[in-house]
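Have a look at the picture, then work through them one at a time.

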Amino acid sequence: MSVNHEHPNRKRLVVFGLVAIFLVLILVAVLNRMTSSSDSLKGELTREQWPVSIRTVKPEPFVKRIKANGILQAMEETAMAPEVSAKVASIEADLGDRVKKGQVLIRLDASAYKLGLNSAQAQYAQAKAALELAADQYDRTKKLADKNLISDEALDQASTNFEASKAQKRVAQANLSIAKRNLKETGIRAPFDGRISARNASPGELASPGVPIISVVKDQVLKIDLALSEMEIKEVKNGMAAVITLPSMPGKEFAGTVTRVGVAADRSSGSFPVRVVIDNSDFELLSGMRAKIDIELKRYLEAVIVTRDNIVEFNNQDAVYVAEEKEDKTVARTQLVELGERDGERVRVVSGLNPGDQLIIVGQQSIKGGARLLIIEKDGRRVAGEKEDPENNSEANAEAGADA
């Protein structure tokens with residue numbers, strides 16, 4: 001009995017054929033997709049016109065400045081402690097009150113010190129009287145000694161009593177001065193014009209020497225102490241103007257002045273101290289507020305200004321693109337520039353860009369030198385060549401119909 005192998009072989013050939021057809025179809029689809037992408041990319045790379053916005057370069061003011069952060073501080077702040085020990089008798093000025101130099105802020109119980117003053121006055125009067133008596137006795141003894149009517153020992157005794165009385169008077173006078181001073185110190189007085197910034201005592205409490213009980217700040221003028229780098233400090237001079245803004249007072253600016261410029265760097269930080277002062281005669285500002293400080297270094301009345309996003313890199317150099325007419329076409333020209341000072345996003349151009357140039361401000365990141373341009377917007381206004389907005393057209397047509 002013979003076996004027929006023709007049928008299985010035929011099945012294998014059919015399967016192989018189907019697989020081959022399927023693979024061919026996949027390959028064709030991939031090739032078509034690659035060709036389509038290539039055509040699309042080619043069309044993109046060969047775009048005839050690149051839409052851009054331009055701005056006519058015009059001279060404008062520019063301020064070179066240093067920006068820093070700091071904390072408002074009072075020009076002077078004193079925490080006062082009594083020099084005598086006594087109970088607090090009364091509070092004459094409280095937190096936030098404005099005070100004048102010499103004004104009593106806190107009174108201490110002075111009864112003990114008044115008694116001490118009375119005792120010192122009595123002792124002084126007694127010493128003064130004793131000195132007068134000793135002086136009189138010495139004069140009489142000296143006259144008798146000149147006539148040899150008394151011994152030298154008697155004269156020496158009279159002289160010793162006289163000198164001792166003078167010493168006792170000096171001691172009594174010193175004790176009297178101390179008593180007067182102690183009595184005066186029972187009144188805690190303002191050392192300068194200012195405002196009360198803290199009070200740490202209440203009536204009836206015992207005030208001790210060396211323990212602060214009230215503080216006064218001189219805040220008619222405030223200061224900000226800054227720490228600047230060695231690159232910044234060499235451009236700062238006394239008398240320079242500064243503009244101060246505060247996060248807590250948005251929209252407001254305060255005028256300041258540089259009054260001190262350090263001549264040596266701090267050893268630990270390497271920064272140089274600079275002080276800015278601000279008039280605060282209306283007491284609108286408070287010590288401790290955070291502030292931003294702009295120190296004006298130089299003012300340009302007319303400068304060529306670009307923004308950071310206008311600048312592109314060309315062969316590792318700073319450049320911008322300008323639009324120019326060439327053979328009846330508007331094309332992009334690569335213009336190398338030398339940049340100067342920066343003020344936030346604004347940058348001063350030292351050279352390479354001139355007033356009247358047509359600076360490309362939108363689309364500059366997508367073009368190259370020589371690219372043909374389609375001006376969509378110029379100096380903030382739309383120009384011819386932009387595709388019309390159907391919605392705007394419909395609105396315009398509706399308005400035209402209404403007018404008709």
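**Exercise 1.** Is Ala-291 buried or exposed?

*Solution.* Before we start: this is a predicted model, where local features need pLDDT of at least 70, side-chain atom pairs count only at pLDDT 80 or more, and totals for chains, interfaces and linings use all residues. Residues are numbered from 1 along each chain as its sequence is written, and side-chain values use heavy atoms, leaving out hydrogens and water.

Step 1: get the cut-offs; buried means under 20% relative accessible area, exposed over 50%, and partly exposed in between (1.4 Å probe, protein chains only).
Step 2: Ala-291 has a relative accessible area of 3%, so it's buried.

**Exercise 2.** Which residues does Ala-291 touch, not counting those up to four places away in sequence?

*Solution.* Step 1: contact means heavy atoms within 4.5 Å.
Step 1: the list is Ala-68, Asn-69, Gly-70, Leu-72, Ile-224, Ile-244, Thr-245 and Leu-246.
Step 2: pick out Asn-69, which sits 222 residues from Ala-291 along the chain, yet their C-alpha atoms are 5.9 Å apart.

**Exercise 3.** What is phi for Phe-283 and for Asp-379?

*Solution.* Step 1: as a rule, most residues other than glycine have a negative phi.
Step 1: Phe-283 has a positive phi near 55°, and Asp-379 has a positive one of about 50°.
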